[in-house]
Amino acid sequence: MATIGERIKEYRKKKHLTQKELSNLIHKTPQVISNYERGYSTPDSLVMKDIAAALDVSLDVLSANKNSQVKSKKKHVDLADDDIVMSYEGKPIPPEDLEIIRRFFRGGKNDK
């Protein structure tokens, strides 16, 4: 996983900004930006908010909040789709257990 500094650099370059231009936008010196990007220092939460705004990215994306990473990797599966093999922790869920799960979501009803 990329560090905060690496993400700052990545998004700064995507915006075609130099370190000096970003530093002007957030009222810091170019050396401060360089230190962030090289991992010598880490911006506090207020500076992170300013950097995220200057780079037009969310604070979660820039800080790589663990929850935001999980959200981006989530997949949606329809339990009613019989063509999908569902698994839990890498092990296939047996059809009879899937039926129990389906009943639970239907409110305990036995009908289809």
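Guide: Let's start with a network: salt bridges link Glu99, Arg102, Arg103 and Arg106. A salt bridge here is a side-chain nitrogen of Lys or Arg within 4 Å of a carboxyl oxygen of Asp or Glu.

Visitor: What sort of model is it, and what are the ground rules?

Guide: It's a predicted model, where local features need pLDDT of at least 70, side-chain atom pairs count only at pLDDT 80 or more, and totals for chains, interfaces and linings use all residues. Residues are numbered from 1 along each chain as its sequence is written, and side-chain values use heavy atoms, with hydrogens and water left out.

Visitor: OK, how far is it from N to O for Glu99 and Arg102?

Guide: That salt bridge comes in at 3.8 Å. The two sit three residues apart in helix H7 (residues 95-105), so about one helical turn separates them. Helices are DSSP runs of H or I, at least four residues, numbered from the N terminus.

Visitor: And Arg103 with Glu99, what's the N to O distance there?

Guide: 3.7 Å. They're four residues apart in helix H7, so again about one helical turn.

Visitor: Switching topic: how many salt bridges does the whole structure have?

Guide: Six. One of them joins Arg12 and Glu37 at 2.5 Å, N to O. That pair links distant parts of the chain, 25 residues apart, with Arg12 in helix H1 (residues 4-14) and Glu37 in helix H3 (residues 30-38).

Visitor: What's the relative accessibility of Arg12?

Guide: 7%, so Arg12 counts as buried, and Glu37 is buried too at 9%.

Terms used. Buried < 20%, exposed > 50% of the residue type's maximum accessible area, 1.4 Å probe, protein only.
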